[in-house]
Amino acid sequence: MSDVEKSGFISKVIGPKKRWRAYKARVKELPDSHRTAAEAIERYLMHFVPTDQDGNASMFEDLADLFEQATVNGTPIREIVGEDPVEFVEAFARNYAEGGYVPARARKQLTNDIERAAGNETGTEDKTV
């Protein structure tokens, strides 16, 4: 394997890891309610099969951008995701990849997690979990 081939291979392996770690660090800095919502959306997005690594990384970076901007603007979670978080996330994912199968339990978990995050944001707890 030539040096050029090795460097290309290494960048393909390490590049996505660096982007993923940078994304996770950004999400970690969000306020609790926004972090909970972003992590719930992240879990749900893991069910979508990425068509390429760059598109997949861009999708998560854009998710972090969205929640960082919402934090700066003081935008409540419900204004970000609307009343149907599943619909929001599926529309969001369609911009990046062809979707995969998402089990019903994942849809329910996303809805419950967003309810909990939105409740924590307003100081009310959702007791349905």
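A residue counts as buried when its relative accessible area is under 20%. In this predicted model, Glu 90 has a relative accessibility of 18%, so it counts as buried. Glu 90 belongs to helix α5, which covers residues 85-94. Beyond its neighbours within four places in sequence, Glu 90 is in contact with Tyr 44, Phe 48 and Arg 107.

Now to the helix pair. Helix α2 (residues 32-45) and α5 have axes that come within 11 Å and cross at roughly 60 degrees. The two are therefore oblique to each other, and the crossing of α2 past α5 is right-handed. Here is who takes part on each side:

| Helix | Residues making the contact |
|---|---|
| α2 | Ile 41, Tyr 44, Leu 45 |
| α5 | Val 86, Phe 88, Val 89, Glu 90, Phe 92, Ala 93 |

Sorted by class, this contact has 8 nonpolar residues, no polar ones and 1 charged residue.

Which residues touch the most other members of the largest nonpolar core? Among its 29 residues, they are Ile 41, Tyr 44, Leu 45, Leu 63, Phe 67, Leu 110 and Ile 114. At least two residues of this core come from each of α1 (3-28), α2, α3 (53-73), α4 (77-81), α5 and α6 (104-122).

Technical notes:
Residues are numbered from 1 along each chain as its sequence is written. This is a predicted model: local features need pLDDT of at least 70, side-chain atom pairs count only at pLDDT 80 or more; totals for chains, interfaces and linings use all residues. Side-chain values use heavy atoms; hydrogens and water are left out. Helices (H or I, at least four residues) and strands (E, at least two) are DSSP runs, numbered from the N terminus. Buried means under 20% relative accessible area, exposed over 50%, partly exposed in between (1.4 Å probe, protein chains only). Contact means heavy atoms within 4.5 Å. Axes are lines fitted to C-alpha atoms, for helices over the stretch in contact, and angles run from 0 to 180 degrees between N-to-C directions. Angles under 35 degrees count as roughly parallel, over 145 as roughly antiparallel, 65 to 115 as roughly perpendicular and the rest as oblique. A crossing is left-handed if the near helix is turned anticlockwise from the far one by less than a right angle, and right-handed if clockwise. Ala, Val, Leu, Ile, Met, Phe, Trp, Tyr, Cys and Pro count as nonpolar, Asp, Glu, Lys and Arg as charged, and the others, Gly among them, as polar. A nonpolar core is a set of buried Ala, Val, Leu, Ile, Met, Phe, Trp, Tyr and Cys residues joined through side-chain atoms within 4.5 Å.
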